[in-house]
Every structure is written in structure tokens, then in C-alpha cells.
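Subject: Structure for your review

Dear colleague,

Please find below the structure that I am handing over to you. My findings follow it.

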Amino acid sequence: MSTTPASTFPSPLSIATPEGCEGWEEMYPYYALLGEDRREADEQRLWFWNSMHFPEPMSAFDVVAIDGPYYALANWQNRVFAIPPAMGIDYRIVNGYVFITPNAVTDPNLIAERAAYFGERAGYYFANWDELYGRWREKMRKLIAEITALEVPQLRTYEEDAVAFEDRDTSFVRVLDSYNRALRMHEQMWQHHFEFLLLGYGAYLTFSDFCKSALPEIPDQHIAQMVSGIDVLLFRPDTELRHLARLAREAGVDASFADGRSPEAIIAELGQSEAGRGWLESLEAVKDPWFNMGSGDGFYHHHRSWLDDPSIPFSAIRGHIDALVEGRDTERPTEHLAAERNRLAHEYGALLDEQARGTFNELLGLSRTVFPYVEEHKFFCEYWFQSRFFNKVREFGALLATHGFLHDGEDVFQLSRHEVGEALEELVLSWAHGGPPRGPHHWPPIVERRRRLLERLKQWTPPPAMGTMPTEAINDPISVMLWGITPERLHSWASAMSGDSLTLTGAAASPGVAEGPARVVRDVHEITDVQPGEILVSTVTSPAWAPIFPKIRGAVTDIGGIMSHAAIVCREYGLPAVVGTGRATAEIRTGQRLRVDGTNGVVTLLDDEEPA
Amino acid sequence: MTECARPLAELRAHDEDRFGGKSTSLGELIAGGIPVPPGFAVSTAAFEAFLATGSVGERVEDALAGIDPDDVAAVAAASAAVTLEMRRTPVPDAVAAEVGRHYAALAATSSKRQPPVAVRSSARGEDSAEATFAGQQETYLWVRGTDGVCEAIRGCWISLYSAEAISYRARMAAGGGPPAMGVAVQLMVDAEVSGVMFTCSPLTGDPSVVAINASWGLGLGVVGGEVTPDDFLISKVSHEILRRTIADKQVEYVPDPGGRGTHRVAVEEPRRTAACLDEEGLRALVQTARAVERHFGSRQDIEWAIARTGSLPENLFVLQSRPVTATARAGSEAVADRTGLDAMSLVLGTFGVKPRRD
């Protein structure tokens with residue numbers, strides 16, 4: 001454990017507003033902002049930029065994706081499971097970016113009191129995991145069906161007969177109710193999301209800690225390999241794309257996927273031939289649910305699913321076709337992965353004495369029990385549900401646009417969830433009474449102003465942390481589990497901020513060494529720019545980016561631990577990866593040559609010239 | 001007379017009393033199919049025969065009688081006197097004849113008439129720190145001819161009477177007569193690279209890794225700490241290189257151009273800063289380390305060399321192996337804290353619930 005004296009990060013209240021971004025605060029709730037009233041408390045805490053989940057500045061509506069998770073995380077962690085030393089996560093928004101801090105419990109009596117609750121409640125979950133998780137999946141499927149089916153009523157000149165003759169609710173009630181229900185379902189989704197997450201990660205972390213104490217030199221990736229599932233639902237979408245590529249080859253329609261063609265053009269051409277129509281049927285058969293895969297992590301409205309934006313799966317299919325043409329094997333080597341996972345577990349177990357081996361096997365078994373949830377919840381929650389939810393909000397946006405309250409349905413995301421509710425209220429009021437609404441004059445200038453603010457805020461790079469480095473070791477199991485925030489990590493961030501070193505350090509997430517030009521990706525839409533042979537440098541990656549991994553040589557991220565998705569996917573593809581570097585996207589420019597040493601967790605900038 | 005020498009291949013652990021630990025462990029390695037340079041062992045009885053020549057033994061005892069281990073000057077004088085006495089005394093004819101016969105047999109297995117050999121002390125007991133103080137760690141490299149070998153054997157015996165050894169024994173032992181020591185004689189490996197390896201982490205005791213230190217030339221540099229070796233940590237499980245530190249290896253030991261003894265030379269660039277082992281070499285070493293560990297059933301500290309001629313894995317030799325006894329086990333306390341608890345208590349511990357032990 002590092003004993004370096006506390007290094008300081010900037011005071012949260014000292015962070016200047018970037019030029020031209022004055023007034024950014026209007027987009028966010030009052031409680032998310034810094035203020036003089038909380039100055040003392042906020043300066044004494046350590047806040048770190050949650051670039052893992054929130055790499056971009058937040059639009060006003062997308063604050064739902066901060067509040068939702070943090071209500072739910074804190075509620076389960078602090079009020080349900082009463083995790084003894086840690087309450088919930090507090091957040092602040094600075095210049096559009098999300099900074100978080102854990103609230104600790106320090107009173108030993110209170111910790112003991114909480115431990116009693118925790119032992120009983122967590123014990124119940126672990127003991128009944130498979131059954132509870134089975135029920136969880138049903139709850140999620142039901143919720144997804146419900147959000148999909150939720151009606152956004154159109155406002156007609158005359159209500160339907162059913163209102164007059166069959167006691168159906170009037171439109172104003174149905175519009176407002178529908179909107180509130182959409183928000184409520186979103187909150188329920190986050191409730192479900194965190195029901196198992198902490199316990200699942202905790203079981204994994206326990207196994208990991210045990211391995212590291214019994215086998216101090218064990219590489220993190222071996223621990224992950226022993227636990228990670230083989231037939232994981234999260235890999236299924238990409239597996240389906242590989243299968244579709246193979247089918248296209250076999251049907252002789254692969255030429256339709258020529259470079260640069262849009263999915264629409266490809267689909268149109270395939271519709272012309274019998275073989276093509278056969279392929280399209282195969283596509284239809286797997287689209288639901290597998291094309292509910294997201295292009296991002298579901299924390300932003302612009303993270304669309306493959307169903308919404310087929311360009312990502314189609315470009316991936318094309319990549320898989322190219323690989324087949326070149327005679328490369330595109331299948332995931334599942335048998336090999338399964339054999340390797342068991343071999344590692346067996347060999348490490350054999351190195352331990354009998355008693356330690358018993359504990360090792362027990363913890364490994366538990367980790368394997370919980371791991372499907374850890375890997376699968378993302379598909380259900382962040383991708384499937386979230387893409388449906390944001391699409392439902394788009395329908396409300398379209399309703400507002402139809403009545404002139406917005407220029408475009410997409411503008412709805414520039415309003416907060418409360419403002420959308422307010423706009424809908426005025427809409428149903430003015431529609432009902434027939435008088436002139438203010439909305440069409442009120443909302444469009446606000447939307448315009450916020451769009452410009454967000455564009456400017458995107459140019460700003462937040463510091464990795466602000467506030468005061470804790471003098472005592474950070475002992476918050478949740479921050480370690482979810483964000484890989486350890487004292488060592490914080491100190492390396494602090495020293496990276498003070499120097500202009502040519503190396504960045506992070507967690508060694510996937511072994512090996514690779515060199516190549518950097519491709520800095522800060523926005524999910526930029527992933528299509530990635531060229532073969534490049535090293536991906538991003539704030540964070542998500543499993544949704546799987547299609548670009550066959551192209552790249554290595555990956556570097558700002559945040560994440562060895563269980564982060566970049567790490568998991570890189571191990572799958574055998575690519576070196578260093579995660580949790582703190583500032584890679586700020587320090588590295590696209591085109592710079594890098595060396596990624598995924599064995600030792602070091603990224604070296606090989607040249608410092610501006611790229612041509 | 002009693003047996004003076006025996007081929008290493010015919011020694012087993014139970015012979016340790018008569019041949020010392022190093023020779024018998026080499027015999028065990030050979031029996032386990034581990035590649036060890038062929039050779040023979042000289043028994044402790046040979047040393048006893050030497051002491052019985054004329055009145056050497058008595059004069060040695062006289063010189064050491066009642067010595068105060070803390071009287072540095074007296075100890076140094078006694079050591080000098082004994083050394084001089086022993087140097088004047090030839091190796092007994094019977095011993096020399098036996099050594100000559102075994103050396104000739106060894107020559108017959110090599111292509112040389114007078115093959116170079118390594119002559120090393122073979123201590124009784126395994127505690128290497130004790131052996132060092134007791135003067136049982138002498139090594140002569142690149143020795144040729146029966147006379148040369150006999151001289152080196154006597155050198156090993158004389159090393160028992162260094163000032164440190166005398167003072168150590170005087171402090172430790174209440175009388176007990178003369179010390180006993182065997183000697184191992186083996187064909188030299190003309191090492192391109194050599195070093196030591198542990199079948200566990202020397203720092204943490206982690207049994208899942210092999211830690212390898214390696215440098216150019218003969219092993220003296222690494223063993224004697226004169227060179228900062230290249231340092232590798234390899235996973236036994238995946239054979240991945242977990243850590244790799246390439247050092248600036250400024251000197252190496254090579255055979256003396258005169259054909260006898262060794263010679264320290266500067267290492268030229270680019271070899272100096274180049275890794276002295278590639279993946280193939282590391283792989284062969286890890287396999288050998290695991291085989292040695294399996295054979296003895298315990299963690300081993302292994303000295304090894306890779307010959308200039310031949311190719312891997314045939315040119316890789318184990319020069320000696322001894323159990324790792326003094327490994328710091330940083331993790332063991334943490335493991336002890338964890339074992340004996342069921343998985344659920346451990347998971348609760350992750351969330352800050354202190355385990356209760358009933």
C-alpha cells in the first residue's frame with residue numbers, strides 16, 4: 001500500500017467554466033451542482049470523474065441515467081443490504097461531467113449493526129441465487145415488454161368513441177400517465193439492475209482476493225479466465241453476426257456487403273434474389289432479441305441499439321465476411337476457452353494445500369454461480385431496456401414536435417425529465433382548451449442554447465479527480481469493485497497530473513505487448529473511424545464495441561479494472577490492454593504511436609510529434 | 001579400505017552421510033531423469049583418510065585446541081597454520097588412485113582426454129547459511145587432469161579451515177572432532193548462459209511461478225552476486241512471462257584461455273544489455289524446474305547452465321538443486337486468515353463484515 005503523502009487534486013469549486021459555456025448549470029438539477037452551502041463538505045471529499053459510465057457531458061434529459069442508477073445503487077447498498085462500511089454514491093456535475101464520491105460508514109457500532117442486516121440479507125441471496133436470478137430474468141423480460149408496449153397517445157381533434165362510450169381515459173390523462181409510467185419503468189429497471197450487482201461483484205472480488213493472497217503472483221487475467229462464463233449471453237449477438245456472415249458466404253450473397261454500402265442498400269439488393277431473401281429471413285429470425293445489443297452503454301440517449309442503427313452490425317458482418325474470404329477462423333474458440341478455464345482452475349488448485357484448495361474451489365464455485373448475472377445484466381438493462389426506453393421518450397418528443405413545441409423530436413433530450421413533463425402538461429392543456437400555447441416559443445431557444453453548450457463542453461477534458469485525497473486508505477469495497485479506485489490508482493493519477501510523463505500506468509488487463517498508431521475515441525459514434533492495426537484509446541469501452549476488436553492491436557482506457565468490459569473482450573481476442581490509466585484520452589492524440597504493455601500495465605507514447 | 005569415490009548416478013538420498021548433500025542430490029536428479037553433467041562423488045571417508053596421513057589430523061587438532069572464536073588474530077593464525085600444514089600434505093595415494101580411475105572413466109564418456117571438470121564441496125545437511133560458515137561451499141571450475149582434480153579436492157577440504165569456518169564451528173560445536181565433507185566432481189558445462197532459479201517466488205513464496213536469474217557465461221557471476229542478472233518471473237500454469245527485467249550485465253566468467261580455471265571478462269555491447277534468455281530458453285527452464293520440483297516433492301533452488309554447443313533442450317543442465325527453506329511467505333498469514341472459513345464468511349468479509357471464528 002502506498003504511503004505517499006496525500007496529493008491534492010483541484011478543489012471542486014475552483015474548476016473554471018470553459019469559455020463560451022457560461023450557464024451550463026441550467027441543464028442540471030440543483031442538487032447535482034456545487035455550491036457555497038456545501039463548499040466545506042465537498043472540498044474535503046474526493047470526487048472522481050466517472051468516465052467509465054459518463055465519458056461525455058450529459059444532456060439535460062440524460063440526467064435520468066445518473067439519477068436512476070444512483071438512487072438504485074444507494075438504495076440497495078445502504079438501505080437494503082446495509083453493506084457495513086459503505087453507504088451510497090453521491091454525485092456532482094461539473095461542466096457537464098459526472099463526478100462521484102462514496103459515502104463511508106466509520107462508526108464501529110453502526111458498522112456492526114449493519115453487519116447483522118447484511119449477513120442475513122446477502123446470505124439469503126447467495127443461498128438462493130439461481131432461483132432469484134431466474135425470477136429476475138422474468139421481471140426484466142416483463143418490464144421490457146411493458147415499456148415496448150407503452151402507448152403514447154396521439155392528440156386528435158375529437159377523442160375516440162371509446163372515451164365517449166366505453167369509459168376510456170381521456171387523452172390528457174393518458175399522455176401524462178404514459179410519460180410518468182415510462183419514467184417509473186426506467187427507475188424499476190435500475191432497481192433490478194442493482195439487485196444482484198453488488199453481491200455478484202463481491203463474490204468475484206472475494207475469490208480474486210483469495211487467489212492473490214494464496215498465489216501472490218497470479219495474473220489478474222487468470223483469475224478472470226477461471227471465472228468468466230463461456231456461453232455468456234453478452235457474446236451471443238456477435239456470435240450471431242459471425243453466423244450471418246457465414247450464411248452470406250454459403251448463399252453466395254456476400255458480394256452485396258461491399259464496402260461503403262448502407263444497410264438499406266444491402267437489404268434492398270438482397271430482396272431481389274431468392275438466396276438474398278433467404279438470408280434476410282435468417283436475419284429476421286435472430287434480430288429479436290439479439291439486435292437489441294447497444295452501440296454504447298445505455299447511459300446516453302444517443303446510444304442506439306443495432307435495431308435502431310444497423311450500420312454497426314452490418315459493418316461487423318462485412319468484417320467477418322472478409323475474414324472468411326481470407327480463410328481466417330471467425331468463430332469464438334469456445335471449446336478452447338472452456339478447456340483453458342478448467343485447466344487453469346485445476347492447475348492453480350493443485351498448487352495449494354488441501355485446506356486452501358477447499359476454500360479456493362468453494363469461492364470459485366460461488367463466483368461462477370454469480371458471474372452469469374454480472375455479465376448478462378448489461379444486455380437486459382443497459383442495452384435492451386434502455387434502447388426501448390429512449391425510443392419511447394423519442395415518441396413523446398415526436399408528439400411535442402407535431403404540435404410545434406420542438407423543431408424535432410430528438411430535441412426532447414435537451415430538456416430535463418421534469419421539463420418534458422411540464423411541456424407535456426402545457427401541450428395537453430393547450431390542446432384541450434384550444435388557446436395559444438407558449439411552448440413553441442419557449443422551448444426551441446432553450447434547446448438551441450443547450451446544444452451549443454454541449455458541443456463546447458465536449459471540448460473540455462475533466463481532471464480525473466477533484467477534492468482532497470483521503471489520508472486513510474480508501475476502504476470502500478464498492479469503489480474498488482465497480483471503478484477500480486484504489487489508493488495506488490489515485491496516487492498515479494495525481495502524479496500524472498503534475499508531470500508530463502511519456503508513460504501512463506494502469507491495470508494490466510490483458511497480457512502481451514503491441515505497438516501501433518493511436519485512435520482516440522471519446523464518443524461512441526467515432527468507433528466506425530477505427531482503422532485496422534490501430535490501438536484503441538477510449539475513456540471506456542463496452543461489449544457493444546466487440547465488432548471493432550478484430551481490427552485493433554490493443555486497447556487503452558481511462559477507467560476500469562480488470563473486470564471491465566475492455567479487459568474481458570481483449571482477453572477474448574488475445575489483445576494487450578491497459579485499463580484505468582486515468583488520462584489516456586487527454587494525453588494521447590490520434591495518430592501518435594503507442595506501445596501497450598498489457599502484461600505490466602504500462603502505456604508508452606513513442607513519439608511526441610503532432611500527427612500529420 | 002573404505003569407499004573413496006562413486007559415480008554420481010549411483011548415489012541416492014540415503015548416501016548423504018557418506019557423500020554429502022550436494023552429491024547425493026545430484027544422484028537423485030539423475031535418477032529422476034533430470035539432465036545433470038556426469039561425474040563422481042568423493043566420500044567423507046576420503047577426507048578422513050587425508051587427515052590420517054602422517055599426523056596432519058593431530059596437528060590440525062592441536063592448532064585449534066581451546067581456540068577462542070572471538071579472538072580474531074588467534075583464529076586467523078590457526079587458519080593460516082592449518083592451511084599451510086594441509087597444503088604440504090599430498091592427497092593419499094589410495095584416494096588419488098580412485099579419483100584418477102573415476103576421472104578416466106569420465107574422460108571416456110567425453111570426447112576429451114583431460115576434460116575440464118567442476119569440483120565442489122558437498123556439505124552434510126542442507127542449511128546453506130550454515131554450510132557457508134562451515135566452509136562447505138568451495139567451488140573450483142575448469143579443473144583438468146587427475147593432479148588438478150586432487151588439488152581442487154584438497155582445496156575443498158582446506159576451505160573447512162577458513163577463519164570464518166573455524167570461528168563458526170568453535171562457537172557452535174562443543175568439540176565433536178573434525179568436520180566431515182564430501183566433494184562432487186562433474187564434467188564442466190561450457191555455459192553460454194547460466195544462473196539460478198526458484199520453483200516459487202523467492203519474495204512471496206507463491207508456488208505458481210518460477211523465478212529465474214540469468215547472466216552470460218559461467219554461473220559464478222550470478223551466484224557470487226557480481227553481476228546483476230536478468231530477472232524473469234514465469235507462470236508455471238500458463239508459461240507466460242509475468243515480469244521481465246533485463247539488466248546491464250557488465251562481466252562474465254569464461255574458461256581461461258590457458259585451458260585451466262576461469263577468467264572474468266567484460267561483456268561487450270550489444271550483449272551486455274540484451275536478454276540472455278529467449279522464450280525457448282525460458283520454456284525449457286520452466287519445464288526443468290517443474291520436473292525437479294516434482295521429483296523432490298518440494299520447492300527447489302536450482303543452479304543451471306545452458307551450454308554453448310548443442311541445442312535446447314538437450315544443452316540445458318542442472319548443476320545442483322536444494323530445497324528452498326527460507327522463503328519469506330508474505331501471503332501465508334493472509335491465507336491462514338482465510339482458510340478454515342466457509343466461502344460465505346469470506347464474501348461477507350469483502351463487504352467489511354469481520355469473520356467470527358467459533
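The crossing of α13(A) and α13(B) is right-handed, a term used if the near helix is turned clockwise from the far one by less than a right angle. Helices here are DSSP runs (H or I, at least four residues), numbered from the N terminus. The axes of these two helices, α13(A) and α13(B), come within 9 Å and cross at roughly 65°; axes are lines fitted to C-alpha atoms over the stretch in contact, with angles from 0 to 180 degrees between N-to-C directions. The two helices α13(A) and α13(B) are therefore roughly perpendicular to each other (65 to 115 degrees).

This is a predicted model, in which local features need pLDDT of at least 70 and side-chain atom pairs count only at pLDDT 80 or more, while totals for chains, interfaces and linings use all residues. Residues are numbered from 1 along each chain as its sequence is written, and chains are lettered from A and ligands numbered from 1 in the order in which they are written.

In α13(A), T359(A), E362(A), L363(A) and L366(A) meet A343(B), L346(B) and V347(B) of α13(B). Across the two chains, 37 residues of chain A are in contact with 29 residues of chain B (C-beta atoms, placed from the backbone, within 7 Å). On the side of chain A that touches chain B, α6(A) gives the most, with eight residues.

Yours sincerely

Technical notes
Angles under 35 degrees count as roughly parallel, over 145 as roughly antiparallel, 65 to 115 as roughly perpendicular and the rest as oblique.
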